Amino acid sequence: MLTLPRAARLASWTNAWLTGATSLDEADEGIKGDDAAHHVIGLPGQDEPVPVLLSLGTLRNLGTRAAVVALPAPGDPLGLAGPRDFTEAALEVGEAVVCEGSGLGLVPHVIGAGVQWKVWPAHPPAPLDLADVTMELAQTLQDVIEALAGLDVARWRPGVAEALVDLRSVGRKAHDGLPAGYPPRADELAARARRCLLVCELALVDDGGAVTAFEADSRRQALRRLDRAARRALVAACGPPR
């Protein structure tokens, strides 16, 4: 699916609300997406789960001035700066949100048709530069397309080859965009990153028609490079609008 990860939705809509670019009700709907409901558990001073609609105000009162998405993978704790318990919890599900200013992090857990965000102490990560990661993703994408062409990916999985080429022209009109307040360049980068992540997910399912173990390993390495660059791009795109 090309929808934003839940952590990216929470971070981007929280930022849009904190900057006054969207209403609280709009942020609530944007965060929930197709889920039935979102609640936050473990907020300071709260013994019961709190609906996300009310949690945003509490997080702001606790000092949150911006939200940053974390999209870690094994061996690559992207967006995480500790402490250890928060890092391990985020790595387990592959996503989290860090609230800058309040020292809190939120990790999602799907419960039935809803989502519960567990609160942890968290350190803010070093920021990513939007221009730098945009260039990085473009270069990585070009390198991966060339590498997979040499490995005859069109024969291995034609749909993946076509999707990789289409990535060069991905625009904001083709996808659900980021909230109001985000510049077009961030929206377009998020769309391209999401398509890259989908391509990697589909292509890494198996080794397809690989003739040799070397060929299969070369494909995996190329796709994992693209996966890392795409996760970095999505983290930067969904960060505080600048």
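Which residue in strand 2 does Val40 stand opposite? The residue opposite Val40 in strand 2 is Val50. The views below show this pairing and its surroundings in a predicted model.

**View 1. The protein as a whole.** The secondary structure comprises nine helices and six strands. Of the 242 residues, 49% count as buried. The protein exposes about 11,400 Å², of which carbon and sulfur atoms supply 53%. Among contacts with a separation of 6 or more, 65% are between residues 24 or more positions apart.

View 2. Six strands, in the order 2-1-6-5-4-3, form an open sheet with mixed pairing. Strand 2 and strand 3 (66-70) are the edge strands, each pairing on one side only.

**View 3. Strand 1 and its two partners.** Strand 1 (residues 38-41) pairs with strand 2 (residues 50-51) in the antiparallel sense over two bridges. With strand 6 (residues 114-121), strand 1 pairs in the parallel sense over four bridges; here Gln116 of strand 6 is the bridge partner of His39.

**View 4. The two faces of strand 1.** In a regular strand, side chains alternate between the two faces of the sheet. In strand 1, His38 and Val40 make up the covered face, whereas His39 and Ile41 make up the uncovered one.

**View 5. Strand 3 and strand 4.** Strand 3 pairs with strand 4 (residues 96-100) in the antiparallel sense over five bridges. Val68 stands opposite Val98 in strand 4.

**View 6. Helix 4 against the sheet.** Helix 4 (residues 84-93) lies across strand 4, strand 5 (104-111) and strand 6. The helix runs at about 35 degrees to strand 5.

Notes:
Residues are numbered from 1 along each chain as its sequence is written. This is a predicted model: local features need pLDDT of at least 70, side-chain atom pairs count only at pLDDT 80 or more; totals for chains, interfaces and linings use all residues. Side-chain values use heavy atoms; hydrogens and water are left out. Buried means under 20% relative accessible area, exposed over 50%, partly exposed in between (1.4 Å probe, protein chains only). Contact means heavy atoms within 4.5 Å. Accessible areas come from the Shrake-Rupley method with a 1.4 Å probe; for residues, only the protein chains shown count as cover. Two strands pair if DSSP finds at least two bridges between them. Axes are lines fitted to C-alpha atoms, for helices over the stretch in contact, and angles run from 0 to 180 degrees between N-to-C directions.
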